[in-house]
Amino acid sequence: MGRFDRRVAVITGAARGIGFGIAQRFATEGSSVAILDLDESAAQDAASRLELADGARAIGVGCDVVDGSAAEAAVQRVVDELGGIHILVNNAGVTRDNLLFKMTEEDWDMVMGVHLKGVFNMTKAAQSRFVEQKYGKILNLSSVSALGNRGQANYSAAKMGIQGLTRTLGIELGPFGITANAIAPGFIVTEMTDATARRLKMEPEELQRVNAEATPVRRVGQPEDIAAAAAFLCSDDASFITGQTLYVDGGRKLG
């Protein structure tokens, strides 16, 4: 028996990176998985690559989480095709990094829209089903950048906003059998951090080395590290934990 047998998990932005890592961990532990991504073909391809436990299914769904009607339609499609929804992981995200005096309104609005409005839209769509069945697990992806990071005024503000939203969801939804928590990853090796390296005119391996040296455990993170924490927080083992943000950063922010 897997701890997610007969569960259905929806994971946004899961065609690659951290989201795909979480999807794979949940699928391995018995969950049926809906991978949501802006690009439906990428979502479907990712779903086809999941290694599923016996009896589990996977689908890929195109969804712009910034659009409330699209979020509602995506959740309804998951319910129709997979038979329900029990777990929502709000992972979709973008970066538009720049120093404040160079940052445009479009840079600000794009990051705020995907991270904050996207979480709001998807959570609102899922919570009505969760309330009805008196059960649900919500996990939001924050970041250590919530604590402040040069060149990321938009991203830092959005990621700290997610932590405040998560606390409020814990208060409001707890009486209905729903928990809401967040994970704040540190440096995780993904296509996004590789792109950051190139923007800094560095090779990805060099940026990884620099970050590993500055981290107490002396390594950088992998999507599997976040997936392990996500699996715990979305399981019934964590039923007495809500409104919390877990920093998964190898101790980087301890100093």
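So, how many salt bridges does the rule find across the interface of domain 1 and domain 2? Three, where a salt bridge is a side-chain nitrogen of Lys or Arg within 4 Å of a carboxyl oxygen of Asp or Glu.

Quick housekeeping. This is a predicted model, so local features need pLDDT of at least 70 and side-chain atom pairs count only at pLDDT 80 or more, while totals for chains, interfaces and linings use all residues. Residues are numbered from 1 along each chain as its sequence is written, and side-chain values use heavy atoms, with hydrogens and water left out.

Okay, the layout. Domain 1 covers 8-186 + 222-245, and domain 2 covers 189-220; those bounds come from an automatic or database domain assignment. Their C-alpha centres are 24 Å apart.

Now, where they touch. Seven residues of domain 2 are in contact (heavy atoms within 4.5 Å) with 10 residues of domain 1. Together the domains bury about 620 Å², 48% of it on carbon and sulfur atoms; buried area is the accessible area (1.4 Å probe) that two parts lose on being put together, summed over both.

Back to salt bridges: Arg199 and Asp97 pair up through their side chains, 3.0 Å from N to O. On the side of domain 1 that touches domain 2, the elements giving two or more residues are α1 (17-28) and α8 (223-233). Helices here are DSSP runs (H or I, at least four residues), numbered from the N terminus.

Last, the record: UniProt, in an unreviewed entry, puts "domain: Ketoreductase" at residues 7-186. Positions follow the numbering used here, feature names are shortened, and annotations may be inferred rather than shown by experiment.
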